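Me: I would like to go through a model feature by feature. Please give the general idea each time, then the case at hand.

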Amino acid sequence: QLSEFIPSFTAPMTSASRDSSSQLCKVFVGGIAITTDDDTFRSFFSDFGKVVDSVIIRDQVSNRSKGFGFITFDKPERVDELLEKRPFTIEGKEVEVKRAIPREEISPIAHTKTKKIFVGGLNKEVTADEVRDHFEEKFGGVEEVQFIYDKDTQEFRGFCFVTMDNEDIVDKIVIDQSHSFRNKPCTVKKAEPKGTKNITPVHRMPTYPSLSAYYAAYEPTPLDYYYIGYPFGCDRFSALGQMSHARGAASSSVYSTARGRYRPY
């Protein structure tokens, strides 16, 4: 039922807003052993391609590992090859490896596994065959393309749903954002089932008497990426990975970085 899905987007993300190729070179690594050092971490992934950057996130006061980090390869193809070889074990501990999701793409369904994507902002002249050809040529098999029409006029409403044959490739499609049809950039997001926005977070951070106290409770970080299952300060996999966020609430469980300090996402 198409009515079970709703788009979750604000405006098309163009190539000018971020370098898609660079984003596609990054992976998140979770569940890292506390004893794993930076050299071991980088060396492990160097076996899968040239690593241009690596970091294990640590507490700024104690320097204790928070149990997750990020790897950046020199080419997007390295990430594709790496993901095909999962699972991985570092120093006897299995780790979780995923594509790093840019903070502007974080949402309650950012890490939901799905084969269906929403494609919006299309010209009314665009055809289903054009959409199918675009995604098949760049990303692989397409199972279905569903154009949405006005119930009364039967006019194309400018958006559609595309079902890919692979869940992992959907993350790559969403991160890429270099999609356009007939010279017009379009919006591509994971299809969001109705009710997702009403998910109740299973964990909320405590409220604080003031914004200064709120910010003081969290250390700054230069990273623009994080995994929704690892809010900063969380050292390992837990029920926190199942949470959603309450936009604009000071007690929100999901945070992004802004000007060197945390803010509610």
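Me: How do I read a salt bridge, and which residue does Arg78 meet in one?

Reply: Side chains of opposite charge can pair when their charged atoms come close. Here a salt bridge is a side-chain nitrogen of Lys or Arg within 4 Å of a carboxyl oxygen of Asp or Glu. The side chain of Arg78 meets that of Glu81 at 4.0 Å, N to O. This is a predicted model, in which local features need pLDDT of at least 70 and side-chain atom pairs count only at pLDDT 80 or more, while totals for chains, interfaces and linings use all residues. Residues are numbered from 1 along each chain as its sequence is written, and side-chain values use heavy atoms, with hydrogens and water left out.

Me: Where do Arg78 and Glu81 lie in helix 3?

Reply: Helices (H or I, at least four residues) and strands (E, at least two) are DSSP runs, numbered from the N terminus. Arg78 and Glu81 are three residues apart in helix 3 (residues 76-84), so about one helical turn separates them. Buried means under 20% relative accessible area, exposed over 50%, and partly exposed in between (1.4 Å probe, protein chains only). Arg78 is partly exposed at 24%, and Glu81 is partly exposed at 35%. A network of salt bridges links Asp74, Arg78 and Glu81.

Me: Which parts of the chain does the pair of Arg99 and Asp80 link?

Reply: The side chains of Arg99 and Asp80 form a salt bridge at 2.7 Å, N to O. The pair links distant parts of the chain, with Arg99 in strand 6 and Asp80 in helix 3, 19 residues apart. Arg99 is buried, with a relative accessible area of 7%.

Me: How far apart in sequence are Asp168 and Arg86?

Reply: Their side chains meet in a salt bridge at 2.8 Å, N to O. Asp168 lies in helix 5 and Arg86 in the loop between helix 3 and strand 5 (88-90), so the pair ties together parts 82 residues apart in sequence. By this rule the count of salt bridges comes to 14.

Me: How do I read strand pairing, and which strands pair with strand 2?

Reply: Two strands pair if DSSP finds at least two bridges between them. Strand 2 pairs in the antiparallel sense with strand 4 (residues 65-73) over five bridges, and with strand 6 (residues 93-99), also antiparallel, over four bridges. Lys26 has Thr72 as its bridge partner in strand 4, whereas Phe28 has Lys98 in strand 6.

Me: Is strand 2 buried or exposed?

Reply: Five of the five residues of strand 2 (residues 26-30) are buried. Lys26, Phe28 and Gly30 lie on one side, and Val27 and Val29 on the other.
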